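Please walk through this structure with me. We take salt bridges, then the interface, then the cores.

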Amino acid sequence: MKSILGIGINTFKEGLRDKTLLSVSISGFLLIAASRILVPISIGESYRVITDFGLALVEVFSVLLTIFIGTRILYDEIERKTIYTVVTKPVRISEFLIGKLFGLTLLVFSIQFLLFLTIFLFSKIYLHFVFWRVFVWFFFLFFEMLILNGVAILLSTFTTPITSGLISMLIYIIANTSNYLKELSQMVKLPIFTYIANFLYYFLPNFTLTNVKTEILYNLPIDKGLYLFAPSYSIMYVVFLLTIATMLFEKREFY
Amino acid sequence: MKKLGGFVIIIISLFVSVLFVKSFEDRKKSFTGEKLLFFPSGKFIQGVACGYNNFLADLLWIRGGVYYGGQKLKHGSLEYLYHMFNVITDLDPKFVNAYTTGGMFLFDDLHSLEMSMKLLDKGIYNNPTNWYVPFMKGFILYLAEKYDMAYRWFMVASLFETKRGMAFKFANWCLQKEKGPEMTLKFWEDLYNSTGNKWMREKAVKGISRVILYAAVKYRREKGEWPENIVVLVKSGYLPYVPSLGGKYFILKEGEVLW
């Protein structure tokens, strides 16, 4: 536990020094602030536009952070040979990877939280109103990003940052459109296609179930089961990803 | 000498590229009207939205406002208006303002009751417990002088209206056609006070002006002269009261309504 915490905090500190983090975060803050220019042309829907733009930008920049930093997290350690300082110590590979995931999640969470505070600040200034229910969406976004962080770490155990970045992005897109896979499997009457589509639907991460932006925006009720589903599903999925990552990483030569 | 040659090449290439941009800029202008021809269907955009449906609906809402404003300014055609509102509401089926604003624009600017009803019906289907969409449908039907149908939709709206009971009052007024001007004035006033939408506010001003003008024309037809002012119309029973919006009163001057 101590070693996981140590690796996690070290990853977090290392991430903070990353120039990508700074540039992505600054772009995020600037874009959220720039949503002010949309107020006069939003034709009476300023509340909606500010909230929607804010939420979408927080999600986009969280994904970008995960892809830019998460996919390089192991690669850099191996390239710079700093990994030898860890593997020579009595640390298990699973602990090392859990620590890395913890550090990355903490980093993405911190930036997400700061971006969220920016949205709150701007809604208070522009709309004289703070929409507290947005925190519910933040809860679901956290668990989505946890899965994506897991995907990035798994991919960085065996590919280059560019490849893992591209695959992570693809998985994020599929996870957000997986409901269409289900629809497609019902539409196409070819049994083999139905099996493949169903397999992909259940096997790949699914973010469509926890996408509650419409419910948040229109103050609609959210299924209470989702509050339990999101953490349990993402934790189970991350366990699955980290197990594969551990198995793959163990095969590398430095162990 | 070499330096000077490089400098000349830079100047010439820059000048030529500016000329290229300038000539293509003019060519592009002639295509602006057809920009929306390639606007994909809502179902397609939904598929590629990746969970950002509301965000895209907002972008299109803003784009729709720019399209409407731009076409109005140059008195252009608004033929893609329905398509645009249809796509916005495909992306966000709960966007009530898109149905009501779209319904009003389609009826008032495109003079298409059919398209307006189609969009509002979609709104009612996607928001079955919302009172404002059937209310707007009732009002547009009233403007189209289909009083019987308007009454029915006002009654539907009154079933879901929780606080003000306005829809029920409108349904009653609709039944009593002689109270038409009062109902219309009240609707426009209410619309003006309840929306921050600039275009809808302009519609409210235009709507009230029309009611006043209609009463003035009626007065002239019956009395043989233009009424001196709005108070004369009120006193002689052609208007229920002197209408105002945002604390500003309407003025009738030589057959012209000012606000």
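Helices here are DSSP runs (H or I, at least four residues), strands are E runs of at least two, and both are numbered from the N terminus. B:Arg152 and B:Asp148 form a salt bridge, with their closest N and O atoms 3.0 Å apart. The term requires a side-chain nitrogen of Lys or Arg within 4 Å of a carboxyl oxygen of Asp or Glu. B:Arg152 is exposed at 51% relative accessible area, and B:Asp148 is partly exposed at 47%. The classes are buried (under 20%), exposed (over 50%) and partly exposed in between, with a 1.4 Å probe and protein chains only.

This is a predicted model: local features need pLDDT of at least 70, side-chain atom pairs count only at pLDDT 80 or more, and totals for chains, interfaces and linings use all residues. Residues are numbered from 1 along each chain as its sequence is written, chains are lettered from A in the order in which they are written, and side-chain values use heavy atoms, with hydrogens and water left out.

Over all chains, the structure holds 11 salt bridges. Side chains of opposite charge can pair when their charged atoms come close. Chain A supplies examples. A:Asp76 meets A:Arg72 at 3.2 Å, N to O. A:Asp76 is buried, at 17% relative accessible area, while A:Arg72 is partly exposed at 25%. A:Arg92 pairs with A:Glu95, the closest N and O atoms being 3.7 Å apart. Here A:Arg92 is exposed at 58%, and A:Glu95 is buried at 14%.

Now turn to the interface. Between chain B and chain A there are 2 salt bridges. In one salt bridge, A:Arg48 meets B:Asp92 at 2.7 Å, N to O.

Which elements give two or more residues to chain B's side? They are α2 (42-48), α3 (53-73) and α11 (198-223) of chain B. α3(B) gives the most, with 8 residues. That side divides into 9 nonpolar, 8 polar and 4 charged residues. Nonpolar covers Ala, Val, Leu, Ile, Met, Phe, Trp, Tyr, Cys and Pro; charged covers Asp, Glu, Lys and Arg; the others, Gly among them, are polar.

The contact (heavy atoms within 4.5 Å) takes 21 residues from chain B and 24 residues from chain A. The chains bury about 1,900 Å² between them, 63% of it on carbon and sulfur atoms. Buried area is the accessible area (1.4 Å probe) that two parts lose on being put together, summed over both. In chain B, B:Cys50, B:Tyr52 and B:Ile62 lose the most area to chain A, together 30% of what that side buries.

Last, the cores. A nonpolar core joins buried Ala, Val, Leu, Ile, Met, Phe, Trp, Tyr and Cys residues through side-chain atoms within 4.5 Å. The largest has 72 residues; among those touching the most other members are A:Phe96 and A:Trp137. Helix α7 (residues 134-156) of chain A gives this core its largest share, 15 residues. Apart from it lies another core of 70 residues, including B:Ala49 and B:Leu239.
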